[in-house]
Amino acid sequence: MNVMIEENAAHPRLPALLTAYHLATETEKGTVSTVPADLPPARRAEAEDPVAAFAADTVLLATAGDAGEPAGCLVLKAGPVPEVKRVWVEPSARGRGLAAALMGEALRRAAAAGAPAVRLTVWEWREGPLALYRKLGFEPAAPWEDRPGLVFLEKRLAPGDRVELLAPDAVRAHAAGLGALLVDAVDDGASVGFLAPLDPAEAAAWWTGVAGDREVWAAFGPDGSVTGAVTLLRTATANGRHRGEIARLLVHRAARGRALGRRLLAAAEARAAATGLTLLVLDTQTDSPAERLYRGAGWTPAGRIPEYAADPAGTLRATTLYYKRLV
């Protein structure tokens with residue numbers, strides 16, 4: 001069964017999924033809860049406004065391939081050791097791999113973020129979820145809270161890529177590695193401003209030239225090699241100082257599948273919001289894989305321009321403009 005996973009704390013289906021989770025949990029604990037008003041205030045507030053409740057966290061939704069709406073959810077709580085919470089799949093959708101897909105994506109994101117481990121708690125009577133977590137490699141862990149009936153589990157993760165905001169001098173110091181990343185993107189057919197073949201020296205010189213003009217994040221693999229990058233340009237005009245542009249989001253072909261694109265984009269978005277920007281824009285080649293990333297991260301398409309730029313082979317391609325409000 002094909003399962004689609006998306007990140008969206010604002011999805012209109014999420015409150016109902018969280019409400020169902022909490023009502024089921026209260027019932028299993030022996031509390032009579034049949035309507036949302038019966039829930040404890042903190043749980044009710046969480047279901048009523050998940051965007052606020054999970055502002056610092058990652059909310060994942062799962063949709064079966066033949067369904068129109070999400071039938072499962074998971075929250076990955078941020079922290080030095082991320083914690084999986086609120087794993088729920090509607091009874092009618094169980095047995096179709098939604099919970100496993102949610103857990104797999106949560107583990108992948110945590111590993112890509114460099115987390116040393118992922119932890120979770122599960123009620124001892126939930127045999128199905130317990131079996132899934134053990135199958136995924138979770139092992140018993142020392143309790144981190146005092147709540148009778150909870151089983152504490154943890155899964156250690158292999159070291160992942162680290163993402164850093166580079167000072168201008170660091171951009172220049174890593175120009176060769178960043179240039180190799182840019183060459184790899186052009187060789188792969190990405191429309192990032194250059195035609196193929198791109199000379200490595202020219203690519204490195206481009207990075208040296210933009211150092212200081214834009215903010216640059218780079219991802220580094222365990223061996224220290226540059227595995228990804230993204231840049232943020234701020235608008236200099238007086239009437240556009242609230243706005244920035246995301247450009248050159250690149251992930252090396254050898255490092256794909258580790259959620260690096262999402263991490264780099266999230267780092268740039270967080271920095272933009274923290275420094276007063278309220279709107280971000282970008283453009284990307286229409287129908288490129290990058291469009292799925294941006295849509296999944298909450299970006300809104302604003303329009304399509306035909307024959308906007310040439311791809312590395314010289315063929316004119318359409319581009320799609322995107323924007324994202326940060327407040």
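The legends below describe close-up views of a predicted model.

**Figure 1. The second largest pocket and its lining.** The second largest pocket holds about 680 Å³ of space. Its lining is made up of 33 residues, and those nearest the centre of the pocket are Tyr21, Val87, Arg126, Pro129 and Tyr133. At least two lining residues come from each of helix 1 (14-28), strand 4 (83-89), helix 4 (98-112), strand 5 (117-123) and helix 5 (127-135). Strand 4 provides the largest share of this lining, with 6 residues. By residue class, the lining of the second largest pocket comprises 17 nonpolar, 6 polar and 10 charged residues.

**Figure 2. Aromatic pairs, with Tyr21 and Trp88 as one example.** The whole structure contains 8 aromatic pairs. One of them joins tyrosine 21 and tryptophan 88 in an edge-to-face arrangement, with 6.3 Å from centre to centre and 85 degrees between the planes. Because tyrosine 21 belongs to helix 1 and tryptophan 88 to strand 4, the pair ties together parts that are 67 residues apart in sequence. Tyrosine 21 and tryptophan 88 are both buried.

**Figure 3. The aromatic cluster of Phe194, Trp206 and Trp207.** Tryptophan 206 and tryptophan 207 form an edge-to-face aromatic pair, 4.9 Å centre to centre and with 85 degrees between the planes. Both tryptophan 206 and tryptophan 207 are buried. Together with Phe194, Trp206 and Trp207 make up one aromatic cluster.

Figure 4. Alanine 196 and proline 197 are joined by a cis peptide bond, for which omega is about -5 degrees. Proline 197 is located in the loop between helix 7 (175-187) and helix 8 (200-210). As background, most peptide bonds are trans.

Figure 5. Arginine 13 is placed in the loop between strand 1 (3-7) and helix 1. Its relative accessible area is 17%, so arginine 13 counts as buried. Beyond residues up to four places away in sequence, arginine 13 touches Glu69, Pro70 and Glu90. Leucine 23 is found in helix 1 and is likewise buried, at 14% relative accessibility. The C-alpha atom of leucine 23 is separated by 34 Å from that of alanine 270, a residue 247 positions away along the chain.

**Figure 6. Threonine 235 in the loop between strands 10 and 11.** Threonine 235 is situated in the loop that runs between strand 10 (226-234) and strand 11 (243-251). Its side chain reaches the backbone oxygen of arginine 243 at 3.1 Å. When neighbours within four places in sequence are set aside, the contacts of threonine 235 are Gly240, Arg241, Arg243 and Gly244.

**Figure 7. Two residues other than glycine with positive phi.** Aspartate 287 has a positive phi of about 70 degrees, although it is not a glycine. This aspartate 287 lies in the loop between strand 12 (279-285) and helix 10 (289-296). Its relative accessibility is 70%, so aspartate 287 counts as exposed. Glutamate 307 also has a positive phi, near 50 degrees, and is located in strand 13 (residues 300-310). With a relative accessible area of 58%, glutamate 307 is exposed. For context, most residues other than glycine have a negative phi.

Note on methods
Residues are numbered from 1 along each chain as its sequence is written. This is a predicted model: local features need pLDDT of at least 70, side-chain atom pairs count only at pLDDT 80 or more; totals for chains, interfaces and linings use all residues. Side-chain values use heavy atoms; hydrogens and water are left out. Helices (H or I, at least four residues) and strands (E, at least two) are DSSP runs, numbered from the N terminus. A polar contact is a pair of N or O atoms within 3.5 Å; within protein, one must be able to donate a hydrogen and the other to accept it, and residues adjacent in sequence count only if both atoms are side-chain atoms. Contact means heavy atoms within 4.5 Å. On a 1 Å grid over the protein atoms alone, a cavity is a set of points where a 1.4 Å probe fits but cannot get out, and a pocket is an open set with protein on both sides within 12 Å along at least five of seven lines; lining residues have an atom within 4 Å of a point. Grid points are joined across faces, edges and corners, and a volume is the space filled by probe spheres set on the points. Ala, Val, Leu, Ile, Met, Phe, Trp, Tyr, Cys and Pro count as nonpolar, Asp, Glu, Lys and Arg as charged, and the others, Gly among them, as polar. Rings of Phe, Tyr and Trp (its six-membered ring) pair if their centres lie within 6.5 Å; planes under 30 degrees apart count as stacked, over 60 as edge-to-face and the rest as tilted. Buried means under 20% relative accessible area, exposed over 50%, partly exposed in between (1.4 Å probe, protein chains only).
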